[in-house]
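Let's take a friendly walk through a protein structure together. Have the sequence and the 3D view open as you read.

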Amino acid sequence: MSADLAPREPHSESAESGAPTLTTLVARAEELYRDYRLEAVRQWKARTGGLAVGYLPIYVPRELLAAQGVLPVGLMGGRDDLEIIKGDAYYQSYICHIPRSTIELGLNGSLDCLDGLLFPAICDVIRNLSGMWRMLFPGQLVRYLDVPQNFAPEIGGRFWRHELEALASDLAARGARPLEPEALRAAIAAYNVNRALVRALYALRREQPWKVPTSELYVVLRASLVLPVEESTAMLADYGRLVLAEEGRRPMDQARVLLSGSFCEQPPLGLIKTLERAGCYIVDDDFVQIHRYLRGDIPLAGDPLDNLVRAFLDDGIASPTRYIADGVKGEELRQRSRESAAEGVLFCAPSFCDPALLDQPMLVEAVERDAIPWTAFKYSENSGQFQVIREQAGTFADAIKLWSGA
Amino acid sequence: MSRVEPTPEPAPRGAHAAAAPGEAQKDSSQRRQKEMIARHYDRLAAAPETGEKSVYTFVPGNLTELLRSFDLLPVLPEINALQSGMRGKSADYIALAEKQGHSEDVCTYVKSDIGMLESGNVGPTGQRLPLPDLLLLSYTGCFTFLKWFELLREKYRCPVAMLHVPYQAEGKITPAMRGYVVDQLRGEVIPALERISGRRYDEDRLREQLRRSAQAEDDLVWVLQSARNVPSPIDAFFGAVYYVGPIFSAFRGTEDAVAYYRELRAEVAERLRAGKGPVTPDGEVERERYRVVVEGPPNWTSFRQFWKMFADEGAVAVASTYTKVGGVYDLGFRHDPERPLETLADYCLGCYTNLGLPTRIELLVRYLDEYRADGFLINSVKSCNSFSAGQLHILREVEKRSGKPGGFVESDLVDPRYFSAANIKNRLESYFQMLEQKRLGATA
């Protein structure tokens, strides 16, 4: 486990005497997570002169952007501290919160450092937001990324490859480097390292959740969204090394829970902390899923664009936004529950989130087949009151500790 | 959408002979449609005995001609859901689905359908619907479709054929998009239909269906465009949901549909010649006061009440977007028998909710102009993010570009809890008053 957390490539920062401590690293990550104005992106642009392109959840081929010298910037809406002034005027009360905070950030200038925005096909709200964005911000490159729901290489694969080539052309037309196979291969290699570190951190959390509090890991993953892959990799590696070396963190009598449903609009950090304080070790989750959307490494041999396409087709997770053509709905959740030794499942979805909430009855049925206890609640990214959820999660954790298994 | 007697039939008055109270007088086309639907549901009910196979699918992007070319019977869960709404059954169905764990936040068509299924799967004619032999997931313009059929697959344990139709985000159909759909038709959908039906794909048979589709589409477009006249002989929203029934559902490509639209066109032509306004359930609109374009689906649980709120004010819908969800024909598209699979792909790609927001806005602005409308109204339904997300932006943009005022009301498709009659009526009345004031201001 710990070996996996050693960086595969040497990087200078952690070897220097001024390497971060756990406290400074987490503080830096939280600073990046909280920075609506994307100062890190602005600095990167000033430093490199490159393009920065934002993307919404869940999956975009970041490798392709990086290969063209473009900084991919993950956007996940706002938080409880973002005052929505204009965004609410664009949405009815029965629509989730992430599009209104995204609009708010666009209109208040926070995202004006971005040269474009990518809207992956995950639901009708994000889809329609792409059209609004096209009208509201005509100067930006706006692309709706129609990820295929057909996973046959000769059908969906051909279409997806065409989508990626079109995206690469659009980026090049905006001044990015043309897409070259070697650069793409190098970017894939860099992201393979990055994803492997995330997988290792998730594995470490499964084994020793007291070492890796989710509220901490979460901000590190969020910070990674606005950093170039090399810096993100360094941060992840440092974080892994530092938590492993941290002696003060001891196991507590908490319930091990898997959290499902929070893959797009994210809960406020306070809610994650609330769950932990309520007696839950979150041993697996759906947060910031782009880091884990592909299960394994993308092969480096052969045509790198084909490899990128095949990775999406063959190695993508069973996201609620992805049609499960073969296999059984909820099977992956059951498998994750087993692998993480979860004692319970928290269905924790944003209000009005179609993919999560329409999926939920099928997932509930799946975990019930394994007699795994579950509970469900909803949130919004700007939820400010957690008392009810704390009581619910606390009762759930207590019930697990008192009545489950042993 | 299809016409099955859930509510009192429109009762024409004026030049038509007055019907006795409670008795609806039907035009010839209405009777024909009713008979078509009854025959279809009879076949469905008898399917377990006759061995006919049924395919559940969706209205947008439906492949009726293709299914019919295999002698397969289409079943459209959306239509069952809206019929449940009109027949006052959806509330119980939704409650049952929510009791089983379906969120109050999600599409009520889905929950109504699940509730109906759990209650014995009795369709709008009171007959039991057959179990699906195949779920044809035409994933066109609505993400919820994907989840809906995943849910149904869990219940029915039957095969699913997926047809992913790319979204027209940039307002055009590219060769890659068309090719992707055609590839799926050839590689996935047709083989699935062959397996279910036991028949080989017969392209000549499909061409015949498509030829008939185009004939019916010509007549439908003529009927819808008759609303360009002042006064309009039709209501292109409430009334037109009946008109689009056959072509949006199980009948496109059939001789029945051709005959229905020919007859409907003749009837509307006669109304136009006589200078008559639209027929509503409460009689004819004798004085057209306001011409409006409507964006969004109707509310089905209070459909008649909703319509009356318009008719009482002399408001006539002269164009609507809902009547384009099963195909946008008035911009020129026709099914083309010379390119059978490509034309099916173009049809699927062109359905209204598969169009990007900028295209939807352009269409509304065009309708306002071409149909000489006074303004437009958005009925924003809670259930349908495909329609609703972005409608407030549409409202502002269309107002800005057309210079015509927009109104905004909120309801739902089939959940009666979200139809607040007093609130909606109040908003509509205020809106029509605003149109009146604007008109007075213009003439002052």
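This is a predicted model: local features need pLDDT of at least 70, side-chain atom pairs count only at pLDDT 80 or more; totals for chains, interfaces and linings use all residues.

## Where the chains meet

Let's begin with the contact between chain A and chain B. It takes 50 residues from chain A and 55 residues from chain B. Between them, the two chains bury an area of about 4500 Å², and 57% of this area comes from carbon and sulfur atoms. On the chain B side, the residues that lose the most area to chain A are B:Asp105, B:Phe143 and B:Asn385, which together account for 14% of what that side buries.

What holds charges together across this interface? Six salt bridges are found between chain B and chain A. One of the salt bridges in the model pairs the side chains of B:Glu104 and A:Lys378, with 3.3 Å from N to O. The interface also has 27 residue pairs in polar contact. Helix H6 of chain B, residues 143-156, gives the most to the side of chain B that touches chain A, with eight residues. Sorted by kind, the residues of that side are 23 nonpolar, 16 polar and 16 charged.

## The nonpolar cores

Now let's look inside. In soluble globular proteins, nonpolar side chains tend to be buried together. Here, the largest nonpolar core has 285 residues. Among the residues with the most contacts inside this core are A:Leu114, A:Tyr239, B:Trp300 and B:Phe310. Find B:Phe310 in your viewer: leaving out residues up to four places away in sequence, B:Phe310 touches B:Phe238, B:Val292, B:Val294, B:Ala315, B:Leu377, B:Leu428 and B:Phe432. There is also a second, separate core of eleven residues, including A:Val283, A:Leu333, A:Val367 and A:Ile372.

## A buried pair of charges

Which strand holds A:Asp284? A:Asp284 is found in strand S6 of chain A, residues 280-284. This residue counts as buried because its relative accessibility is 7%, and the cut-off for buried is under 20%. The side chain of A:Asp284 meets that of A:Arg336 in a salt bridge, at 2.8 Å from N to O. The two residues are 52 residues apart in the chain, with A:Arg336 in helix H14 (residues 331-339) and A:Asp284 in strand S6, so the pair links distant parts of the chain. Both A:Arg336 and A:Asp284 are buried. Setting aside neighbours within four places in sequence, A:Asp284 is in contact with several residues, including A:Tyr202, A:Arg205, A:Leu258 and A:Ser340.

Over all chains, the count comes to 74 salt bridges.

| Salt bridge | N to O distance |
|---|---|
| A:Arg336 and A:Asp284 | 2.8 Å |
| B:Arg273 and B:Glu270 | 2.6 Å |
| B:Arg417 and B:Asp415 | 2.7 Å |

Why are B:Arg273 and B:Glu270 separated by about one helical turn? They are three residues apart in helix H11 of chain B, residues 255-273, and therefore about one helical turn lies between them. An α-helix has 3.6 residues a turn, so residues three or four places apart point the same way. B:Arg273 is exposed, with a relative accessible area of 62%, while B:Glu270 counts as partly exposed at 40%.

In the other chain B pair, B:Arg417 is exposed, with a relative accessible area of 52%, whereas B:Asp415 counts as buried at 2%. Some salt bridges share partners, and in this way A:Glu30, A:Arg34, A:Arg79 and A:Asp81 are joined into one network.

## A buried loop residue and a covered helix

Is B:Val325 buried or exposed? B:Val325 is buried, because its relative accessible area is 7%. This residue is found in the loop between strand S8 (315-320) and helix H13 (340-350) of chain B. The C-alpha atoms of B:Val325 and B:Tyr352 are separated by 4.7 Å, although the two are 27 residues apart along the chain. Beyond four places in sequence, B:Val325 touches B:Pro60, B:Phe248, B:Cys351, B:Tyr352, B:Thr353 and B:Phe387.

Our last stop is helix H10 of chain A, residues 214-224, where eleven of its eleven residues are buried. Among them are A:Glu216, A:Tyr218 and A:Arg222. The buried residues of this helix pack against helices H3, H9, H11 and H12 and strand S6 of chain A.

How values were computed
Residues are numbered from 1 along each chain as its sequence is written. Chains are lettered from A and ligands numbered from 1 in the order in which they are written. Side-chain values use heavy atoms; hydrogens and water are left out. Contact means heavy atoms within 4.5 Å. Buried area is the accessible area (1.4 Å probe) that two parts lose on being put together, summed over both. A salt bridge is a side-chain nitrogen of Lys or Arg within 4 Å of a carboxyl oxygen of Asp or Glu. A polar contact is a pair of N or O atoms within 3.5 Å; within protein, one must be able to donate a hydrogen and the other to accept it, and residues adjacent in sequence count only if both atoms are side-chain atoms. Helices (H or I, at least four residues) and strands (E, at least two) are DSSP runs, numbered from the N terminus. Ala, Val, Leu, Ile, Met, Phe, Trp, Tyr, Cys and Pro count as nonpolar, Asp, Glu, Lys and Arg as charged, and the others, Gly among them, as polar. A nonpolar core is a set of buried Ala, Val, Leu, Ile, Met, Phe, Trp, Tyr and Cys residues joined through side-chain atoms within 4.5 Å. Buried means under 20% relative accessible area, exposed over 50%, partly exposed in between (1.4 Å probe, protein chains only).
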